[in-house]
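Hi,

Here is the structure I promised to pass on. Have a look first, and my notes follow below.

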Amino acid sequence: MEESAVRDARQGAVRYRLRGDRLLGPLMLAPAIVYIVALVGLPLLLAIYLSLSNATTGSQTLGYVGLTNFFRAIDSTIFRSALTNTFIFTFVSEILVIVLGNILALTLQQKFVGRAVMRFLILLPWAAPFALGAIGWKWMFDSLYSVVNWMLRAVHILGPRDFPQWLGVPTLAMAAIITVHVWRMLPFSAVVLLAGLTSIPQEVLDAADVDGAGFFQRLFHILLPMLLPIITVAVLFGTIFTFTDLSLVYILTGGGPFNSTHVLSSWAFQVGIIAGAGSADRPRAGAAPARRATRGRRRTPARSPRSGCSCSSRSACF
Amino acid sequence: MSLELRRTLGRGALYLSAVCFTFFAAFPFVWMGITTFKRILDLYNIHNNPFLFNLPPTLENLQLLFQGTMFTRWVANTAFVGALVVIITMLIAVPAGYSLARLARGWGQQLGIAIFLTYLVPPSLLFIPLSRVVSGVGLQDSFWSLVLVYPSFTIPFCTWLLMGFFKSIPGELEEAAMVDGCNRLGALRRIVLPISAAGLLTVVIFAFTLSIQEFVYALTFISPSAQKTVSVGVPTDLIRGDVYYWGSLMAGALIASIPVAALYSLFLDRFVSGLTAGAFK
């Protein structure tokens with residue numbers, strides 16, 4: 001009797017406190033919602049509206065023009081090739097990443113000498129800032145001094161006078177971009193898949209062993225189906241990153257030989273920010289007034305209190 | 001095929017796979033390291049073996065990096081922006097994650113997923129309207145624009161991660177505290193935060209590395225060298241017109257990558273488990 005009375009009082013106390021939380025919940029959530037709406041939601045709506053308007057960089061007014069920009073974009077051959085490139089890069093990279101990622105995850109699951117070191121080294125491509133990894137690859141694919149070509153020549157896959165232009169020929173450039181995409185995404189997907197692999201209960205694997213399943217049977221009939229939700233997560237992330245990535249193409253090829261390796265986002269950057277005018281597949285914006293003001297500033301040597309003029313004494317300041 | 005043979009072949013395939021993947025992943029960084037210390041004449045010679053130091057190694061690339069560019073300034077900017085973004089993110093995401101985990105019956109899960117999905121809205125779509133917003137607020141050409149904009153992608157992700165972490169803490173602990181006289185915020189402060197310290201640290205590291213790696217916004221919003229972050233400064237300022245200062249480029253890339261990689265490898269297990277927790281529901 002007494003215990004139930006105490007228990008009721010206690011639950012009543014908790015419930016009383018919990019009722020006051022009804023206001024607290026949304027209140028704690030509000031700043032996050034405000035930030036997201038203000039800096040993601042509203043710009044998204046602005047992007048949609050700009051794509052339906054005739055704003056250009058430098059114009060102060062927006063006029064509604066319907067779908068003109070979209071028709072103009074579809075007419076542009078570079079836009080169409082950028083669209084195809086985006087799909088090709090994403091699709092091929094994702095397939096390679098999933099297949100290789102699975103192999104890598106299976107490898108990392110086993111115990112062997114040097115596994116800890118390998119885990120650290122495998123992470124490097126994902127951890128390094130994307131732009132800096134791309135710069136490293138740009139040097140590796142250099143037109144004359146490419147170490148990739150040198151190594152291929154050294155093992156006689158290439159002849160002594162072969163210098164394949166990895167960044168200068170359209171098909172090779174696409175292969176190069178896909179390679180760097182895969183290089184960068186592989187650690188992430190391997191780690192995610194490894195997490196999935198380690199969560200598969202041991203009883204299932206033991207039962208498979210008892211039933212005499214071979215390595216490949218176990219792989220295709222048990223592991224992959226059970227990993228499907230994890231694979232979906234990895235594919236979702238990877239696809240979105242690759243589909244919308246701008247920095248890799250911008251740094252590696254700048255759009256490639258004759259604009260042939262542009263993807264949608266790098267083409268949008270080229271037209272919208274660098275060129276600052278003209279028809280585009282993405283809305284232009286008033287970014288250029290700000291950039292034009294600073295472009296004039298760039299022509300004068302950069303002065304800093306410490307080093308004086310840092311660049312004009314070395315080479316042409318642009 | 002005998003068991004012994006099969007086992008040896010399997011072991012061999014394992015080591016082969018390990019070596020190949022490690023080589024593929026790490027070789028660019030090894031190459032960056034070698035290039036850093038090579039003289040330019042040594043680099044620009046087709047007939048040289050690129051792995052040998054045909055001319056003696058030099059520190060002149062590092063000298064150019066540290067004295068001829070604003071590299072140290074960029075590193076300072078990057079660290080400063082990263083720290084501020086982490087503080088802002090934690091101040092906003094921790095209450096939001098807690099609220100979604102505990103205080104939102106029913107609609108909490110859906111709202112959490114919706115918030116996470118805003119992380120997937122790509123910077124390459126938002127950079128144009130955001131550059132208009134940034135110039136409207138007068139923050140163009142300053143790294144403060146990054147402090148304003150970066151939380152727009154760190155907050156959604158960190159809120160979702162934190163929601164997962166807080167859900168994994170049993171609710172009875174807080175209820176016991178509240179019976180003993182705490183209100184909800186007190187329970188949060190005294191009970192939940194100390195327990196989830198490791199998870200909080202993981203989210204801090206993740207937000208920090210996300211803001212260090214970011215490229216598109218920094219490239220779009222900032223042009224003066226003194227305001228750049230390292231991720232933008234190295235590829236843009238070390239390429240002057242037609243001339244690529246490869247040695248210094250590689251040095252800058254390597255120096256900026258290693259600390260991030262070290263941080264990641266320490267905390268990897270935790271945020272992968274946070275990331276994949278949603279997949280197993």
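Helix α4 (residues 77-109) of chain A packs against helix α1 (residues 3-36) of chain B, with axes 10 Å apart and an angle of about 120 degrees. (Helices are DSSP runs of H or I of at least four residues, strands are E runs of at least two, and both are numbered from the N terminus. Axes are lines fitted to C-alpha atoms, for helices over the stretch in contact, and angles run from 0 to 180 degrees between N-to-C directions.) That angle makes α4(A) oblique to α1(B); under 35 degrees would count as roughly parallel, over 145 as roughly antiparallel, 65 to 115 as roughly perpendicular, and the rest is oblique. From α4(A), Ile103(A), Leu104(A) and Thr107(A) meet Leu14(B), Ser17(B), Ala18(B) and Phe21(B) of α1(B). Contact here means C-beta atoms, placed from the backbone, within 7 Å. The residues of this contact are five nonpolar, two polar and no charged. (Nonpolar covers Ala, Val, Leu, Ile, Met, Phe, Trp, Tyr, Cys and Pro; charged covers Asp, Glu, Lys and Arg; the others, Gly among them, are polar.)

Before you go further: this is a predicted model, so local features need pLDDT of at least 70 and side-chain atom pairs count only at pLDDT 80 or more, while totals for chains, interfaces and linings use all residues. Residues are numbered from 1 along each chain as its sequence is written, and chains are lettered from A and ligands numbered from 1 in the order in which they are written.

Now the whole contact between the chains. It takes 92 residues from chain B and 89 residues from chain A. On the chain B side, helix α14 (residues 246-277) gives the largest share, 15 residues. That side of chain B divides into 62 nonpolar, 25 polar and five charged residues.

Chain B itself has 14 helices and two strands. Its radius of gyration is 24 Å, well over the 19 Å that the globule rule gives for 281 residues, so chain B is more spread out than a compact globule. (The radius is taken over C-alpha atoms, and the rule is 2.2 Å times the number of residues to the power 0.38.) Those C-alpha atoms fill a box of roughly 75 × 75 × 35 Å along the principal axes. Buried residues make up 49% of the 281 in chain B. (Buried means 20 or more other C-beta atoms within 10 Å of a residue's own, exposed means 12 or fewer, and partly exposed is in between, with C-beta atoms placed from the backbone.)

Inside chain B, helix α5 (residues 107-119) and helix α8 (residues 151-167) have axes that come within 7 Å and cross at roughly 145 degrees. Their contact has eight nonpolar, three polar and no charged residues, including Gly112(B) from α5(B) and Trp160(B) from α8(B).

Val203(B), in helix α11 (residues 197-213) of chain B, is buried, with 27 other C-beta atoms within 10 Å. Leaving aside neighbours within four places in sequence, Val203(B) is in contact with Cys158(B), Leu161(B) and Leu162(B).

Most residues other than glycine have a negative phi. His156(A), not a glycine, has a positive phi of about 65 degrees, and with 8 C-beta neighbours inside 10 Å it counts as exposed. Asp141(B) also is not a glycine and has a positive phi of about 65 degrees, but Asp141(B) counts as buried, with 20 C-beta neighbours inside 10 Å.

Cheers

Note on methods. Contact = placed C-beta atoms within 7 Å.
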